[in-house]
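Reader: I am new to this structure. Please walk me through a few of its features.

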Amino acid sequence: MADLLHSQLVALEDRLSWVKTDPVDWKFYVQLFSAGITLFESYLIMRQYPYFSKKAPPPALASEFSGDVFHKSQVYGRDKARFNFISGLYRGGLEQIILHYDLYAWAWSSAGSLLKRFGYGTEYEIPQSIVFCGVLYLLFTIPTIPLDIYSTFVLEANHGFNKTTPGLFVTDMLKSWLLCIVLGAPFLAAFLSILRWAGDRFVPWLMLFLIVFQMTMVVLYPTVIQPLFNKLSPLPEGTLRGRIERLASALSFPLTHLYEIDGSKRSSHSNAYFFGLPWSKHIVIYDTLIKQSKEEEVEAVLAHELGHWYYAHPTKLLLISQIHLFAILAFYPVFRHSPLFVRSFGFSSSVAAHPPLMVSFLLYQMILSPVESLVGLFMNFVTRRFEWQADAFATALASTIGPEKAATMGDISDMGDRLGRALVGLHRENLSSVWVDWLYSTWHHSHPTLAERLKALEKLKLGSATAADAAAKKEL
Ligand SMILES: [Zn+2]
């Protein structure tokens, strides 16, 4: 099996051997694509922008969005679009500068000279790779800090969403930098060691390592990482907790912990999610969601979330990401050993003669960006399908779990209506835009639009009503 895989991969590498021999201006190609994406995304904002000048919501949402809420969401949408337009061009410009001035090569040699000061030469490739990533991280992060400050303290604050204090903003940033070092450095060291140790047979080993890493993060994230930023406290005993526990037990969902998270510490945008290993799951609900919605609506949101679990959506996404990862790794070897490839990004010939693994892998990922854009579009398509499925699941909950279990949960025949009301409520509280350009939405949105979801919920309701009618007629 392993040999078959290996021989296939070697054949693939042979077929692409021109990468090692033909001079291609890879950097130009990456710059061109990066500029193309920046311009395309600016164009999408320009398509979406006029919708924010509309004077009334779409007919389907007219009754849900009163004049005042509609007006506020339009103003918020317009401000956000302007900000995204400017920041998109700024980030795109930054990428162009970094590429044009060969700052990747500069970051590599800076990392080298920094280590030399501490007495470590070029033979210490892994430490140099870690410092290299640190330099790049700062190179991309520091220039965009003003954008983050503006977004948090001007844009979000003007519309009443921001709850972050300047002190919290700074400590959050320092904590995430620290986290990057504490988690990122050992991760990179292990990643590169496996790549080096396994030689040309690295694909299965690296995939195994990444799966183990992901599983570890599932355990570490809620217990170690998230508490650094937020407080998770058990949802207090009461009617809401009772509802969710009954829902979980009716579905045999392995609920071990039910938390409330203080999302309101930073922002009043709201949410709910679940995570964990197959046999032990945690549900986390934002305090903002609990405050903004009625209990039966929160229950409906959770029924939707558990629909994702019921249909194994997270597992399917994991599977897709493994296939994606395999495809990425399979094409890497041909770039791994190509000095010409590394040279085209301005690396000196002495570095390019034996391309450092970190450098060739990073540059390789950059030339994949067109493919990654298509993968992103495909993923939007997949996650949207999953959303429809989860909505349908919540609507048909009563018939899925059967009358006996349904009876333990009170009246759940109106779950679809409740979910619709919850979605409208969340949309209103978040001042999300009600008018959406189709192309903008196709590119950016992983979820269907509110109007689309309400329409589908309505259809499901009609469908189940006619099904019940038909059943009743049959009985007659
Ligand atoms: Zn969902």
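Author: Strands E3 (residues 272-277) and E4 (residues 280-286) pair in the antiparallel sense over 6 bridges. Two strands pair if DSSP finds at least two bridges between them. Helices (H or I, at least four residues) and strands (E, at least two) are DSSP runs, numbered from the N terminus. This is a predicted model: local features need pLDDT of at least 70, side-chain atom pairs count only at pLDDT 80 or more, and totals for chains, interfaces and linings use all residues. Residues are numbered from 1 along each chain as its sequence is written.

Reader: How many residues lie between E3 and E4 in the hairpin?

Author: Leucine 277 stands opposite serine 280 in E4. E3 and E4 form a hairpin, and the number of residues between them is 2.

Reader: Is H12 parallel or oblique to H17?

Author: Helix H12 (residues 295-310) packs against helix H17 (residues 369-395) with the axes 8 Å apart and at an angle of about 120°. Axes are lines fitted to C-alpha atoms, for helices over the stretch in contact, and angles run from 0 to 180 degrees between N-to-C directions. Angles under 35 degrees count as roughly parallel, over 145 as roughly antiparallel, 65 to 115 as roughly perpendicular and the rest as oblique. The angle therefore makes H12, relative to H17, oblique.

Reader: Is threonine 239 buried or exposed?

Author: Threonine 239 sits in helix H10 (residues 239-250). A residue is buried if 20 or more other C-beta atoms lie within 10 Å of its own, exposed if 12 or fewer, and partly exposed in between; C-beta atoms are placed from the backbone. Threonine 239 has 10 C-beta neighbours inside 10 Å, so it counts as exposed.

Reader: How far apart in space are threonine 239 and glutamate 295, C-alpha to C-alpha?

Author: In sequence, threonine 239 and glutamate 295 are 56 residues apart. In space, C-alpha to C-alpha, their separation is 8.0 Å.

Reader: Is alanine 312 buried or exposed?

Author: Alanine 312 lies in the loop between H12 and helix H13 (313-336). Its phi is positive, about 55°, although alanine 312 is not a glycine. With 12 C-beta neighbours inside 10 Å, alanine 312 counts as exposed.

Reader: And leucine 431: buried or exposed?

Author: Leucine 431 is in the loop between helix H19 (415-429) and helix H20 (438-444). Leucine 431 is not a glycine, yet has a positive phi of about 50°. Because leucine 431 has 20 C-beta neighbours inside 10 Å, it counts as buried.
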